[in-house]
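Biologist: I would like a close look at one part of this protein. Please keep to that part and what surrounds it.

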Amino acid sequence: MNNVDDVVSFLKEHRNFYSQYFEKERLKKIKYGYTCDINQIFCHLNKVPITQTDYYLLTTIISKYFDLNNKKILEVACGYIPILSSIIKEKYSCEIKAINNKILFHHYKGVETEERDLFKSYDLSGFDLIIGFRPCEITETIILECFKYKKNFAFYLCPCVIEPLNKSDYVKETWTYEKWHNYIINLITSNINYECIIIKKHCLEDDCPIIIAKYLDQDNKKAQ
């Protein structure tokens, strides 16, 4: 079987997780880069070199801004298979937990996992860093939680058109994913307690920004 056939077989085996791919002949479109769900399966089945994936590249970028060793890390909206967390767990001496509304493989490659409603408040007090690979609809919610708990975070935004939580303020606008990106970036940069770095890497699958946000303690704020 070739790589695509193996992925399709995996989808059929776990159809209750991936039912949307059996509609509108989507199985015929399966390839690496089709969706995050599909990319995770390619990685899980070792059908692509992991070092050439966006998950690995994002790990490399995050590690340039945060020391990941001996840290407690939380990945939000990890998807059904927490590939990003598993890469970090293998490369660094850290504790990492991955949460999602549904998870296919629990405790995947030594990663602690939890199924939960991502829109509900989550106690971030025990973590040093919050990360997300295209966390999509929960992006703004989790950023506000990071603000609340004064946590560092790093997110790779998705190309979806996401409405802001206070969408009534923007009801007259034609909303696009670029406007949503700008909205999220402005949300962070307007918080004086954070240093925000925006990265765009065209070697990723798209040009969506990676946001690196560091909480500034009082000494750092005085230095500014």
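How many of the five residues of β5 are buried?

Modeller: First, the ground rules. This is a predicted model, so local features need pLDDT of at least 70 and side-chain atom pairs count only at pLDDT 80 or more, while totals for chains, interfaces and linings use all residues. Residues are numbered from 1 along each chain as its sequence is written, and side-chain values use heavy atoms, with hydrogens and water left out.

Now β5. Four of its five residues are buried, so the strand is mostly covered. Buried means under 20% relative accessible area; exposed is over 50%, and partly exposed lies in between (1.4 Å probe, protein chains only). Strands (E, at least two residues) and helices (H or I, at least four) are DSSP runs, numbered from the N terminus.

Next, the neighbours. β5 pairs with β4 in the parallel sense, over five bridges. Two strands pair if DSSP finds at least two bridges between them. Across this pairing, I131 stands opposite A154 in β5. Strands of a sheet pair through backbone hydrogen bonds, either parallel or antiparallel.

Step back to the sheet. Seven strands form an open sheet in the order β3-β2-β1-β4-β5-β7-β6, with mixed pairing. The edge strands, β3 (112-115) and β6 (194-199), each pair on one side only.

What lies over β5? Helix α3 lies across β4, β5, β6 and β7, and runs at about 150° to β4. Axes here are lines fitted to C-alpha atoms, for helices over the stretch in contact, and angles run from 0 to 180 degrees between N-to-C directions. The buried residues of α3 are D54, Y55, L58, T59, I61 and I62. Seen down the axis of α3, they fall within an arc of 165°, so they line one face of the helix. That arc is taken from the directions from the helix axis to the C-beta atoms. What covers these buried residues includes β5, along with α2, α4, β4, β6 and β7.

Finally, the core. A nonpolar core is a set of buried Ala, Val, Leu, Ile, Met, Phe, Trp, Tyr and Cys residues joined through side-chain atoms within 4.5 Å. The largest one has 45 residues, and those with the most contacts inside it are Y18, I81, I88 and I131. β5 (152-156) and β4 (129-133) are among the elements that each supply at least two residues of this core. Apart from it lies another core, of 30 residues, F153 among them. Contact means heavy atoms within 4.5 Å.
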